[in-house]
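This briefing sets out selected features of the structure shown below, grouped by topic. Please read it alongside the sequence and the model.

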Amino acid sequence: MTGAILSLATAVLCCQQVAADEPEFFDVPFAHGQWNIGRRLDESKLRYCIDPRDPGWEVAGEIADAIAGALLLEPERYVVQSEIVSEDITKVYELLLKHCDMHMGFKLIPDGYANWSFLTRPYFETDYAFVTAEPALEKLGDLKPGGRIGATLGTSAHLRLVSYLTAMPATDRWAAFPMGTNTQALVSLVGGTVDVALVWSPSLWAMQRKDPAGANLHVIAPAPLPPTALGVGALMLSDQTFLRTAVDEAIAALSADGTIAGILESYEFPAVVVP
């Protein structure tokens, strides 16, 4: 543990947080009962949320525990429970107010978040993968014209694919079918509805851990497209400036000493440590 992390941890325990860039009142979501939520008294814990809808939630939980240990704080885990596919931002805001100092598992999308929040530095980086069951396919360019691609809708990788297809001659294009979720794209691939699925790599990893139908799937190179990779970090409230600085320092130290790499390797998780 570096001296910088120890001093920052002390600041987390002792100092009042002050926002560097205070969001406007109407930019902040409304959470039911938010005016009754006071400042917590127990500053010896690092509270974090994990969401089982995130395919890498187990990995994120172990990384959060390691961050807490690096800061000499006791980790306190809150598991998000919901039956819907994804939450709106108001729910995330409420979770941060009530249950967690940081919510694990957010992609570091440039300009992708409101100014009442900010993200830590990434604790790992992973990518979107083109996946197929066809043994002969080694890269996307091997797919014949008219081949069917099921792509998770609205991702940066999906937008890049659509842009590339638009620039191709009509006779050479593949057919791209937007899918609502990574799971839907993978189910369509296994069922033979599409020839290739474009999904978040951890989603494929999670499927192959529990579904025998994923055994025959393999990742192919994205060429002629470039890879699409994103860092993943934790979302925090923007008034937690000192805590975010401490967490960032802890992530940097855990990345440098091999702790995070060891967690990724123990799960055979498809991600790399960010230097």
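Rings of Phe, Tyr and Trp, the last by its six-membered ring, count as a pair if their centres lie within 6.5 Å. By that criterion, Y123, F124, W205 and F269 are linked by ring pairs into a cluster. The model is a predicted one. Its protein chain contains 8 helices and 10 strands.

**Overall composition**

- Of the 275 residues in the protein chain, 44% are classed as buried.
- When contacts between residues at least 6 apart in sequence are taken, 80% join residues at least 24 apart.

**Aromatic pairs**

- The structure has 7 aromatic pairs. One of them is formed by Y93 and W116, whose ring centres are 5.0 Å apart and whose planes make an angle of 75°, an edge-to-face arrangement.
- Y93 belongs to helix α3 (residues 89-98), while W116 is in the loop between β3 (102-107) and β4 (117-119), so this pair ties together parts that are 23 residues apart in sequence.
- Both Y93 and W116 are buried.
- F106 and Y113 also form an edge-to-face pair, because their planes stand at 65°, with 6.1 Å between the ring centres, and planes over 60 degrees apart fall in that class.
- The two partners fall into separate accessibility classes: F106 is buried at a relative accessible area of 14%, whereas Y113 is partly exposed at 26%.

**Charges over rings**

- K107 places its charged end over the ring of W200, at 4.5 Å from the ring centre.
- R244 is positioned over the face of F118, with 4.0 Å to the centre of the ring.

- Helix α2 spans residues 57-70 and includes W57.
- W57 is partly exposed, its relative accessible area being 26%.
- Setting aside residues up to four places away in sequence, W57 touches I50, D51, P52 and R77.
- W57 and A206 are 149 residues apart along the chain, and their C-alpha atoms are separated by 10.0 Å.
- The axes of α2 and helix α7 (residues 241-256) come within 9 Å of each other and cross at roughly 105°. The crossing therefore counts as roughly perpendicular.
- On the α2 side this contact is made by A66, I67 and A70, and on the α7 side by V247, A250, I251 and L254.

**Helix α6**

- Which residues of α6 are buried? They are S201, P202, S203, L204, W205, A206 and M207.
- Helix α6 (residues 201-210) is thus mostly covered, with 7 of its 10 residues buried.
- The elements against which these buried residues pack are α2, β5 (124-132), α5 (182-190), β8 (196-200), β9 (218-220) and α8 (259-267).

**Helix α8 and L264**

- L264 is located in helix α8 and is buried, at 4% relative accessibility.
- Apart from its neighbours within four places in sequence, L264 contacts V59, F124, F269, A271, V272 and V273.
- L264 and A60 lie 204 residues apart in sequence, with a C-alpha to C-alpha separation of 9.6 Å.

**Backbone features**

- The peptide bond from A223 to P224 is cis, its omega being near 15°. P224 is placed in the loop between β9 and β10 (229-237).
- L72 is a residue other than glycine with a positive phi, near 60°. This residue, L72, sits in the loop between α2 and β2 (74-79) and is exposed, at 59% relative accessibility.
- E268 likewise is not a glycine and has a positive phi, of about 50°. Its place is in the segment after α8, and E268 is exposed at 68% relative accessibility.

Notes: Residues numbered from 1 in each chain as written. Predicted model: local features only at pLDDT ≥ 70, side-chain atom pairs only at ≥ 80, totals over all residues. Heavy atoms only, no water. Phe/Tyr/Trp six-rings, centres within 6.5 Å; stacked < 30°, edge-to-face > 60°. Helix = DSSP H or I, 4+ residues; strand = E, 2+ residues; numbered from the N terminus. Buried < 20%, exposed > 50% of the residue type's maximum accessible area, 1.4 Å probe, protein only. Lys NZ or Arg CZ within 6 Å of the ring centre and 35° of its normal. Contact = heavy atoms within 4.5 Å. Axes fitted to C-alpha atoms, helices over the stretch in contact; angles between N-to-C directions. Parallel < 35°, antiparallel > 145°, perpendicular 65-115°, else oblique.
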